[in-house]
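Me: Hi! Could you walk me through a piece of this protein? Here is what I'm looking at.

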Amino acid sequence: MERHARQYFLLAAIVVVGLTAFYSTTFTHTAQVTALYSVSAQDAQAVAQAVANEPQLAWTRPTHTVTYTVTYTVTYTTTHISSPTHLTTEEQRTLCPPVPSSPAADLPEEDQDPAKPAKTVSAADVLPTLEDQDPAEPTEPAKPAGDADVLPTFEAIPDAIMNRVRKNTHDDGTLVTAVVNSGMANYTLNWISSLLYTGVTKYLVFCIDPALRTILESAGHGEHAVDIPASWFHRSVPPSSLFESYRSSSYFGVTHAKSLVVQRLLHQEVQVLFSDVDVVFLSRHLLPFINGMWKTRDETHMIFSQEGFDRTTINSGFYWMRSSNVTRRVLRDTIAMQDAEPHTTQQQAMNRALGKLDMDMRTSPVVYLDLFFFPHGLAFFRNNIPKRFGAEAFIAHANYFVGDDKLQILKKEKLWYLETED
């Protein structure tokens, strides 16, 4: 009997504790007060020990699991349940910081003021749709004002030359051309061989001296060679059967002639793929690749191979130009610098002329060819860049090599297609 009484006492104590906790979470006072409900650690330990020593309590309902939770000390701050909680503005900001749920949340605070009128959108802020753009009309950068923008005028190119130009122009309107003297005859023949090996059968060589035209005619390339009219030259270029060393007195005249020929062609509405003859064509896909580059971007007026490795300097030994006022101004400025500074090379002058243009890659009329596919001499022959990275180059340009070194490096790489050097 006494043992049953003790069990009832323990059950009563547990019920009292449970009801007290239930009351504390369900009912509140009408005024905000602090209520303390506590069970001492000693009492809680005694209850737990009693349960452990009395397995009958768990045995009474064997199909149920009874969990007893004992809280040592619980402190509550209660408010009337029927009154909603009102936080101050500062408390709301502290407890519930605003979550950006709209674009306005990212704006500066002054722009989020609902009392301010909404900003109006001007026509200049509206982005054009594809329908608003005319892809057929190339985009031409803004022109400089004043006399500096005046382009020279020229008499028509002689019919004999224009007939050869038309005959050798590709279907996309591009003329593959080179400007050479007889000192580079063997390199010219090697260049032509690389064109033929890659399926390029239309090309035109502008001969600085008649001796080169004679050599080309003897080799069966007469339909691809024309003499440069004497009236086109700005300075005399003495005939030479010697290879012109870099920066020799005749070298500057030869590079100047290259600019003069391209200028005349651009003013005759001919678009030009210019190549030095120490360039070797390596791929049948070269011309379609260049064609795709300018046809897929209306802003493109010229495409250049690179000099160096930092994508800041063009190499004037291989480039494409559209016939437009943009490119005509570049040639005009290039030639003006070469006229004023006789010891400035075409490449130096052309880079300075391009410096006047917008060179932002998103809007520039100038596009660089990738060095991995259009490498210069150091990249291809010395650093082996295309092969090292699994690329197949479109060209190999043997610049950076002078004199006999140029010939030997081409032979070493099996890019010299002539049977003899003579």
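Me: Let's start with strand 6: which residue there is the bridge partner of Val176?
Reply: In strand 6, Val176 has Leu273 as its bridge partner. Strands here are DSSP runs of E with at least two residues, and helices are runs of H or I with at least four, numbered from the N terminus. Before we go on, this is a predicted model, where local features need pLDDT of at least 70, side-chain atom pairs count only at pLDDT 80 or more, and totals for chains, interfaces and linings use all residues. Residues are numbered from 1 along each chain as its sequence is written, and side-chain values use heavy atoms, leaving out hydrogens and water.

Me: Thanks! How many bridges join strand 3 to strand 6?
Reply: There are 4, and the two strands run parallel. Two strands count as paired if DSSP finds at least two bridges between them.

Me: And what about strand 3 with strand 4, how many bridges there?
Reply: Strand 3 and strand 4 also pair over 4 bridges, in the parallel sense. Val180, for example, has Cys207 in strand 4 as its bridge partner.

Me: Is strand 3 buried or exposed?
Reply: 7 of its 7 residues are buried, so strand 3 is largely enclosed by the rest of the structure. Buried means under 20% relative accessible area, exposed is over 50%, and partly exposed lies in between (1.4 Å probe, protein chains only).

Me: Which way do its residues point?
Reply: Thr174, Val176, Ala178 and Val180 point one way, while Leu175, Thr177 and Val179 point the other way.

Me: New topic: what do strand 3, helix 6 and strand 4 make?
Reply: They make a right-handed β-α-β unit. Right-handed means that, with the strands pointing away from the viewer, the path from the first strand over the helix to the second runs clockwise.

Me: How many residues of helix 6 are buried?
Reply: 10 of its 13, so helix 6 is largely enclosed too. Among the buried ones are Tyr187, Trp191 and Leu195.

Me: What covers them?
Reply: The cover includes strand 3, strand 4 and helix 14 (404-412).

Me: Where is Thr198, and what does it touch?
Reply: Thr198 sits in the loop between helix 6 and strand 4. Not counting residues up to four places away in sequence, it touches Phe281, Leu282, Ser283 and Arg284, with contact meaning heavy atoms within 4.5 Å.
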